[in-house]
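Hi,

Here is the structure I promised to pass on to you. Please open it alongside this email and follow along.

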Amino acid sequence: MLKEYRIKQNKNQKEFAAGIVSQSYYSKVEKNIHRITVDDLLLLLTHNAIPVKNFFEKLEIDPHQQQLNQVNALFEEVTRANYADNSLARFKKIKEKAINLDIEADMKKKMLLIIDGFLESEKDDPETFDFNLRNKIKEELFLMPEYDTYKLSVYANFVDLYDFDSNRQIIKQIVKALEKKKVERQDEILFAIILNVLKQGVEEKKDSELNELIKIGHQIFVIPEFFMYRETLTFYEELIAYRTDKKERHLKKCELILESFEWGGMSAFGKGMLEFLNRYKEK
């Protein structure tokens, strides 16, 4: 609600928060990470000329929004599972939860399709691929009329459904579309898309074609929440450089970045990236 009013007033978070709470704290209020006291909320509303009565009347959450909140919470679990040990087992438990959710049939169908997609993405052997499922996910993306947060999020997790050259073209389309119409969480999701396509490009030995993706990544303004993305971008950049000139300093930087994932509590992700490094450091 606060974000909706802020955007309508064409204010950034610092202007809207106005020192009543810090910009960093307010940012997390918008993301439902932090709560806000009644006193601070009333001060924010007053400062930004938002009628208190209208705000609380509009705050009434309808049943559809409650269902969306349940779906979003479940997708947060999916995201966490994607970076954790035993991802496959976690995805299966999340699917059980999804099946039991009391939500609209169409909403549940789409959610289960995406969760099945995550289960499918855990497969390494092409002989076990469910191509019917993969095509359904591609159709889901294709049928969406424009790039919004949901469509970008789905695409970010399933870039492997497309070949590298197709992904490069899709990213160009996304960047152009976002220049015309911004969407929620666009920088975060664009970062994720670029990193996933960089991984694909390294695997396919497309090193000479990866610089344009790295350049787009460098253009994204880095806030603390994006720090892991930026480190991962640097990892790919240094890996590609090492495959080109074989200078040990590039490899050392890759190893330091992977160590930082371990120190930061991302051990499962770091382990997977180390395996990737050892497999693809030679061109």
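Predicted model: local features only at pLDDT ≥ 70, side-chain atom pairs only at ≥ 80, totals over all residues.

**Helices side by side**

Let's begin with the later part of the chain. Two packed helices are described by the angle between their axes and the distance between the axes. Helix α11 covers residues 164-180, and its axis comes within 10 Å of the axis of α12, with a crossing angle of roughly 165°. Since angles over 145 degrees count as roughly antiparallel, α11 and α12 are therefore roughly antiparallel to each other. Their crossing is left-handed.

Now move on to helix α12 (residues 186-203) and helix α13 (residues 211-219): their axes also come within 10 Å, and they cross at roughly 155°. That makes α12 roughly antiparallel to α13. The crossing of α12 and α13 is left-handed.

**Salt bridges**

How many salt bridges does a search of the whole structure find? The count is 17.

Start with R6 and E30, whose closest N and O atoms are 2.7 Å apart in a salt bridge. R6 sits in helix α1 (residues 2-8) and E30 in helix α3, so this pair ties together parts that are 24 residues apart in sequence. Both R6 and E30 are buried.

Next, look at R134 and E120, where the side chains meet in a salt bridge with an N to O distance of 2.9 Å. This pair links distant parts of the chain, 14 residues apart: R134 belongs to helix α9 (residues 131-143) and E120 to helix α8 (residues 105-121). R134 and E120 are both buried.

E212 forms a salt bridge with R168, and their closest N and O atoms are 2.5 Å apart. Because E212 lies in helix α13 and R168 in helix α11, the pair ties together parts that are 44 residues apart in sequence. Are these two residues buried or exposed? R168 is buried, with a relative accessible area of 17%, while E212 is partly exposed, with a relative accessible area of 30%. Salt bridges with shared partners also join E212 and R168 into one network with D165, K172 and E209.

**A nonpolar patch on the surface**

Which residues form a nonpolar patch on the surface? They are V38, L42, V52, F56 and L59, with about 380 Å² of accessible area together. Helices α4 (38-47) and α5 (52-58) each supply at least two residues of this patch. L42 counts as partly exposed because its relative accessibility is 31%, and partly exposed covers the range between buried, under 20%, and exposed, over 50%.

**Two loop residues with positive phi**

N32 is placed in the loop between α3 (23-30) and α4, and its phi is near 65°, a positive value in a residue other than glycine. N32 has 72% relative accessibility, so it counts as exposed.

A49 is found in the loop between α4 and α5. Its phi is near 55°, which is again a positive value in a residue other than glycine. With 66% relative accessibility, A49 therefore counts as exposed.

Enjoy exploring, and write back with any questions.

Best wishes

Notes:
Residues numbered from 1 in each chain as written. Heavy atoms only, no water. Patch = residues over 30% accessible without salt bridge, like charges linked within 9 Å, V, L, I, M, F, W, Y side chains within 5 Å. Areas by Shrake-Rupley, 256 points an atom, 1.4 Å probe, with all protein chains shown as cover. Salt bridge = Lys/Arg side-chain N within 4 Å of Asp/Glu carboxyl O. Helix = DSSP H or I, 4+ residues; strand = E, 2+ residues; numbered from the N terminus. Buried < 20%, exposed > 50% of the residue type's maximum accessible area, 1.4 Å probe, protein only. Axes fitted to C-alpha atoms, helices over the stretch in contact; angles between N-to-C directions. Parallel < 35°, antiparallel > 145°, perpendicular 65-115°, else oblique. Left-handed = near helix turned anticlockwise from the far one by under 90°.
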